[in-house]
Amino acid sequence: METTPSRPGEETRGSSDVRLVVASSVFGTTVEWYDFFLYGTAAGIVFNKLYFPGSDPLVATVLSFATFALGFLARPVGGFLFGHLGDRVGRKKTLVATMLIMGVATCLIGLLPDYAMIGPAAPILLIVLRLAQGVAVGGEWGGAVLMATEYAPAGKRGLYGSFPQIGLALGLTLGTGVLAALNAVTTEAAFLAWGWRIGFLLSAVLVVVGLLIRVKIVETPAFRKMAEQEGESTVPALELVRDRVSRRHLLLGMGSRLTEGVAFNAWAVFVISYGSGTLHLNRQPLLQAVMIAAAVMVVFIPIFGRVSDRVGRRRAFAVGAVTTLVLAIPALAALHAGNTVLITVSLVAVLGISYPLMYGPQAAFYAELFPVSRRCTGISVVYQLSGVVASGLTPLILAYLAGRTGTNGVLVYLAVTTAISVVCTLAIRDRDMFADDVRAPVPAAVVSPGNP
């Protein structure tokens, strides 16, 4: 069997195994993010009308986005639970469970009666199912990215780690694309009555295909080696807190992620409700613009993942944070101008090209913050706990700021979160990062007198 290059002391693995792992990671995260962001898109255009009816459209939208935020509050629970299991029993076993939970919850949302049918029980049940989605996606990300990064050949961890990240863009493309298509082929009344539900019920098909792929994958070489030599980690979360470097990386990692989560939810979620609700723009072109930007993102995520293998994760991530902030200014201006072409071009620039400078290297960046024995727990905590503020509260905060202060408040919030992220990113030292069970060597391309 053909094999891929391996790291010292690590067994070789078949190229067919690596391809299966990559396919599993990409497809699995695509399904998870499709389900998760299908809800985010529907929150601003459907749920505010059907599950939170009221005379004030702003209040209904804020309440709808509050349920969106609850999914992010549940993500740390999933991160802790499945991160612990990922470090205790392996990455693979957690991935089957998270996909099942997400698929069932999403399908049930598609079948859920609205407020007019069952009254207050409708938003309550919607919240419960949203919490289940949050737990599932909270546990999914850590295992999926480690399946890819821990199978990566030497010198290509950034590239391989970017593959499951593509699932975010594909999931967003599918989520907005499906709702845009359903919105285009149905009347407004039909879309609100049943059209939107089709998108949620389609998840059942995707989940079945994903499970068929995932049951065939083999546990990562890094985890198998660690389990043989050291035994399973007993309480990974406790080990993270006890270790000085891991504690530091937990805090700096969460700070670094702030602007990434804010940027994505600003330009993939909030922009649709703000444009169609506050600015009274046609919803269909907004959905299409986000879908096109997400499709472009699919191309640039692996490109910038590979770039990070050459120039370093921190540098790529910090540059992405700054450029995304700069491009926010013309993007907001285009939105207020109401020109469809300008809106599409600006969203492609900020979401499709600049944002991947952060998201492409992110999986490898965070994986290298922790040793193998507590890596799944570590990256899950960093990604999911920071996501409560960075992602979950962003549409809610931006909706409030836009309603009270206009775009000035939005830009201030984006600037503050970017500054925090850049400082935290640059504070992470290359010499403290890990390549599996040893410290990672600093790439020659990033060594400089001012680079600790």
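This is a predicted model: local features need pLDDT of at least 70, side-chain atom pairs count only at pLDDT 80 or more; totals for chains, interfaces and linings use all residues.

Biologist: Fine. How many residues does the largest nonpolar core have?
Modeller: That core has 112 residues. Phe47, Trp196, Trp267 and Leu351 have the most contacts inside it.

Biologist: Which helix gives the most to this core?
Modeller: Helix α1, residues 15-50, with 16 residues.

Biologist: What is Trp267 in contact with, leaving aside neighbours within four places in sequence?
Modeller: Val290, Ala328, Ala331, Leu332, Leu347, Val350, Leu351 and Leu414. Leu351 is also among the core residues with the most contacts.

Biologist: Now the rings. How many aromatic pairs are there in the whole structure?
Modeller: The search finds 15. One of them is Phe47 with Tyr51, an edge-to-face pair with 5.5 Å between the centres and 80° between the planes.

Biologist: Are Phe47 and Tyr51 buried or exposed?
Modeller: Both are buried. Phe47 also pairs with Phe200, and that pair is tilted, at 6.1 Å centre to centre and 45° between the planes.

Biologist: Where in the chain do Phe47 and Phe200 sit?
Modeller: Phe47 is in helix α1 and Phe200 is in helix α7, residues 188-201. They are 153 residues apart, so the pair links distant parts of the chain.

Biologist: Why does Phe200 count as buried?
Modeller: Because its relative accessibility is 0%, and buried means under 20%. Phe47 is at 0% as well.

Biologist: Which residues form one aromatic cluster?
Modeller: Tyr39, Phe47, Tyr51, Trp196 and Phe200. Arg130 lies over the face of Tyr39, 4.3 Å from the ring centre. Elsewhere, Arg257 lies over the face of Tyr383 at 3.8 Å from the ring centre.

Biologist: On to charges. How many salt bridges does the count come to?
Modeller: The count is 11. Among them is Arg374 with Glu239, whose closest N and O atoms are 3.9 Å apart.

Biologist: What does the pair of Arg374 and Glu239 tie together?
Modeller: Arg374 is in the loop between α15 and α16, and Glu239 is in helix α10, so the pair ties together parts 135 residues apart in sequence. Arg374 counts as buried at 13% relative accessibility, while Glu239 is partly exposed at 24%.

Biologist: What about Arg313 and Glu368?
Modeller: Their side chains meet in a salt bridge at 2.9 Å, N to O. Arg313 is in helix α13, residues 313-337, and Glu368 is in the loop between α15 and α16, 55 residues apart. Glu368 is buried, at 10%, and Arg313 is buried at 11%.

Biologist: Which residues do salt bridges that share partners join into one network?
Modeller: Arg157, Arg306, Asp309, Arg313 and Glu368. Within it, Asp309 and Arg313 form a salt bridge with the closest N and O atoms 2.8 Å apart.

Technical notes: Residues are numbered from 1 along each chain as its sequence is written. Side-chain values use heavy atoms; hydrogens and water are left out. A nonpolar core is a set of buried Ala, Val, Leu, Ile, Met, Phe, Trp, Tyr and Cys residues joined through side-chain atoms within 4.5 Å. Buried means under 20% relative accessible area, exposed over 50%, partly exposed in between (1.4 Å probe, protein chains only). Helices (H or I, at least four residues) and strands (E, at least two) are DSSP runs, numbered from the N terminus. Contact means heavy atoms within 4.5 Å. Rings of Phe, Tyr and Trp (its six-membered ring) pair if their centres lie within 6.5 Å; planes under 30 degrees apart count as stacked, over 60 as edge-to-face and the rest as tilted. A charge sits over a ring if NZ of Lys or CZ of Arg is within 6 Å of the ring centre and within 35 degrees of the ring normal. A salt bridge is a side-chain nitrogen of Lys or Arg within 4 Å of a carboxyl oxygen of Asp or Glu.
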